[in-house]
Every structure is written in structure tokens, then in C-alpha cells.
Amino acid sequence: MALLFLLAALVGCVVAKPSSENVTPVEITLYYESLCPGCRIFIPNQLLPAYTDLKYDYRSLISKLTLVPYGWVAVKNATSHDYACQHGESECEGNRLHACAIKYIPDQVATIEYISCLDQLESNYLTFASSQYPIDECQDKLPEGVYSKIMSCYNSDEAWELFQNNGKKTTSFFPKGGFIPYVSFNNKRDDELAISAFKDFRKTLCEAAGVADPDCSA
Ligand SMILES: *[C@@H]1O[C@H](CO)[C@@H](O)[C@H](O)[C@H]1NC(C)=O
């Protein structure tokens, strides 16, 4: 018992970890876009809990997480930054803001918390097709000093470069189209797995990483 307390004190809190020797952490890539209803559901309700769960260490099953905010965009003239995003100009703004946030928030959990916060506000803005993306909201989710870095990026060509780079990643992953949000495991295209992950990310992650422990899928 004393040993258990000592261990608990050392790790800070007791989080169940995968015990099976066949566990292989997976690389996760999430293709999504701002203002997309499925994405607004998935990030706060599926992805975020996997990073904040106190009963099971799901994070240890993810070797790398890559977020790619872009989705379905018609490129009219890349030189003059003329793009038509699926849900209008405010979606393009959102995708650029997310791209800058992903680059400048040093901690991935804070990134997911910030994006989840924006996601939860998006519905208020969708009602007004012409309104701007809520770029000045959710600053309280950010580490000190990060918002100004995100804004410098957002208001410069860097945001367009990140946006275009996410466009390249998205079109090379979906050469003939597809659906989003799309959760890719180990950079593979597997639509069934992506749908399963959309419905229950933690359970699908446990299976993909080879965790037999029923605590993981619970
Ligand atoms: C795209 O935009 C650039 C810069 O404004 C312009 O010079 C070029 O002619 C445009 N291309 C087309 C195909 O409209």
C-alpha cells in the first residue's frame, strides 16, 4: 500500500496504462475544416476526451497527432489567395486561424482545447453566413503570450502558406474526394476505421493500437 502511494505521488495521479506487450502506438492524422458540423462534434466530444481522460492513458497510444484543417476548397487563384471554402469565407478564415494555432501553441492538449472552444462557438456564427470567424474568442485557453503569435501569423502570408500546405496534404490524401472529419491511422486510408473513430474514437484507438485490456474500450 505504501509503495502504491509512493508511485501515485511520483506520477501525480493514477492513470491506467496499457499492459499488453503487443501494444503499438499509432500515428493519428485528422483531416477536418472549420464550420463543418461533424468536425465541431468530433473535436470537443471525441478527440479532446482522449487527451484529458483521467481513467485511462489514451495519449500513450498516440505516437503523433497531426491536425490538418482544410477540407473541401475550390482554388480559384492561389496567387491572389482567391479560394472558395465549402462554408464560405468565414470557413477559410477559420482554417487559417486553426493552422496558425496548431503551429504556435506549444502544447498539443492546449491546441485541442483551444480548437474545441472555437468549435463550440461556431454554431453561433453559422447562423449569420456573412459574419466573421470568432478569431478573438477563446484566448483564455491559450498559454501566456501565444495569442499575439497566432495573430501575427494570421495577419500575414504565413497563414496562407500554412493553409496552402494543408491543402496539398488534403488533396494528396483524398485524390478523388472523401469525407471529413476523417481520422487516419498510420497515414492509411481506411474509410471504415475513420467512421468507427468518428463514432467512438477511444474505442477505435484501443483496437488500432492492439490493446486487449477491456478498460481501454470502456
Ligand atoms: C491570379 O492572380 C494574379 C495576382 O493577382 C494575377 O496576376 C493572375 O493573372 C491571376 N490569374 C488568373 C488565371 O486569373
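Predicted model: local features only at pLDDT ≥ 70, side-chain atom pairs only at ≥ 80, totals over all residues.

Tutor: Residues are numbered from 1 along each chain as its sequence is written.

Student: What makes Leu142 buried?

Tutor: A residue is buried if 20 or more other C-beta atoms lie within 10 Å of its own, exposed if 12 or fewer, and partly exposed in between, with C-beta atoms placed from the backbone. Leu142 has 21 other C-beta atoms within 10 Å, so it counts as buried. You'll find Leu142 in the loop between helix H4 (108-126) and H5.

Student: And why is Gln164 called partly exposed?

Tutor: Gln164 has 18 C-beta neighbours inside 10 Å, so it lands in the partly exposed class. Gln164 sits in helix H6 (residues 157-173).

Student: How do you know what counts as a helix or a strand?

Tutor: Both are DSSP runs, numbered from the N terminus: helices are H or I with at least four residues, strands are E with at least two. The chain comes to nine helices and five strands.

Student: What does Leu142 touch?

Tutor: Two residues are in contact if their C-beta atoms, placed from the backbone, lie within 7 Å. Not counting residues up to four places away in sequence, Leu142 touches Ile105, Ala110, Tyr114 and Tyr147.

Student: Which residues of H6 are buried, and how do you know whether they line one face?

Tutor: The buried ones are Ala159, Leu162, Phe163, Asn166 and Thr170. Seen down the axis of H6, they fall within an arc of 100 degrees, so they line one face of the helix. That arc is the one of the directions from the helix axis to the C-beta atoms. The face turned away from the buried side of H6 carries the exposed residues Asp157, Lys168 and Ser172.

Student: What do the buried residues of H6 pack against?

Tutor: They pack against strand E1 (26-32), strand E2 (62-69), helix H3 (89-104) and helix H5 (146-154). The buried residues of H5 pack against H3 and H6.

Student: Why is H3 called largely enclosed?

Tutor: In H3, 13 of the 16 residues are buried, so the rest of the structure largely encloses this helix.

Student: Last one: why are H7 and H8 called oblique?

Tutor: Their axes, for helix H7 (residues 191-199) and helix H8 (residues 201-208), come within 5 Å and cross at roughly 135 degrees. Axes are lines fitted to C-alpha atoms, for helices over the stretch in contact, and angles run from 0 to 180 degrees between N-to-C directions. Angles under 35 degrees count as roughly parallel, over 145 as roughly antiparallel, 65 to 115 as roughly perpendicular and the rest as oblique. H7 and H8 are therefore oblique to each other.
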